[in-house]
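Hi there,

Here is the structure I promised to pass on. My notes follow below it.

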Amino acid sequence: KRINLPQLRADMSRDKVRDFVSHFGSIAVLHKKGHAKTLRSVATEAGIPTVVFELGQSGSLQESYIKAGIKTMDDLIVNLGIVSKPFLWFEPQPVYYSSKWVRANNGGMLLSKVNIGDDIKVGDRLGLIVNPLNNGESVIESPVTGRVLGMALNQFMLPGYAAFHIGITADEDTLAESYDDNGDLFDDSDEEMDNGSNNQMEEYD
C-alpha cells in the first residue's frame with residue numbers, strides 16, 4: 001500500500017490546463033500526460049482542461065486528507081468566481097515537471113525515514129530495508145533533489161518494488177532539457193512503476 005501527498009496530475013504542456021491548474025491554490029502539481037484512453041486525456045485532447053486530484057491512501061478514509069481536499073475544492077470555486085469570499089493568500093504553487101520512483105534495493109521490511117511532503121536532496125536517506133532473517137540493513141538513498149509526493153507504507157517489499165515517488169525540482173535549464181524532439185514535455189513516471197503493486201491511481205489517471 002502507498003500514501004500520496006495531495007497533488008494534481010495534469011498535462012502541463014497545454015495552455016488551457018496550466019491556466020486551470022493555477023486556480024487550485026498552493027497544491028502540488030505533477031506533470032503527467034496520462035494514458036491515451038483515459039477520460040482525462042480524451043477530455044483534454046478535446047479542448048476541455050481536465051486534471052486528476054490524488055491524495056492519501058487508497059481504500060481508507062483519512063480525515064486530514066479529506067479536509068485538505070475540501071479546502072482545495074473551495075479554493076478552486078472561489079478562484080473561478082463561482083462563489084465570492086474574502087481574498088485568500090496562497091503559497092506559491094509547486095509544479096514538478098518530472099518525477100522518479102526510487103525502488104527497494106533488496107527484499108525485506110521497509111522502514112521509512114522520511115515523511116510524505118518532505119523536501120529531500122541527493123544522497124538523503126529515505127529508508128531502510130531490514131532482512132528479518134539476519135537483521136541485515138540496506139539503505140535507500142535519494143538519487144535526486146525534490147519532494148516526496150508518494151511513498152509505500154512500511155511493509156514487506158521484494159527487490160525492485162517502488163518505495164518512494166519523488167517530484168524532481170528543476171530550474172529553467174533543466175526544464176528545457178525535459179522536452180522531447182516534438183517539443184512535448186517528457187514524462188517517464190509510468191515507465192518507472194513496477195507491475196503488480198498498488199498502482200491503481202497511476203494506471204488509470
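**What turned up**

At 18% relative accessibility, Gly-117 counts as buried (buried means under 20% relative accessible area, exposed over 50%, partly exposed in between, with a 1.4 Å probe and protein chains only). Gly-117 sits in the loop between β6 (108–112) and β7 (119–120); strands (E, at least two residues) and helices (H or I, at least four) are DSSP runs, numbered from the N terminus. Leaving aside neighbours within four places in sequence, Gly-117 is in contact (heavy atoms within 4.5 Å) with Leu-5, Arg-147 and Val-148. The C-alpha atoms of Gly-117 and Leu-149 are 5.9 Å apart, although 32 residues separate them along the chain.

A word on the source: this is a predicted model, where local features need pLDDT of at least 70 and side-chain atom pairs count only at pLDDT 80 or more, while totals for chains, interfaces and linings use all residues. Residues are numbered from 1 along each chain as its sequence is written, and side-chain values use heavy atoms, leaving out hydrogens and water.

Now the cores, each a set of buried Ala, Val, Leu, Ile, Met, Phe, Trp, Tyr and Cys residues joined through side-chain atoms within 4.5 Å. The largest nonpolar core has 19 residues, and Leu-110, Leu-126, Ile-140, Phe-164 and Ile-166 have the most contacts inside it. At least two residues of this core come from each of β8 (125–130), β10 (146–152) and β12 (162–168), with β12 giving the largest share, four residues. Another core, of 10 residues, lies apart from it and includes Phe-24, Ile-27, Val-29 and Leu-76.

Leu-61, by contrast, is exposed, with a relative accessible area of 79%. Its place is the loop between β3 (52–57) and α3 (63–79).

Enjoy the model!
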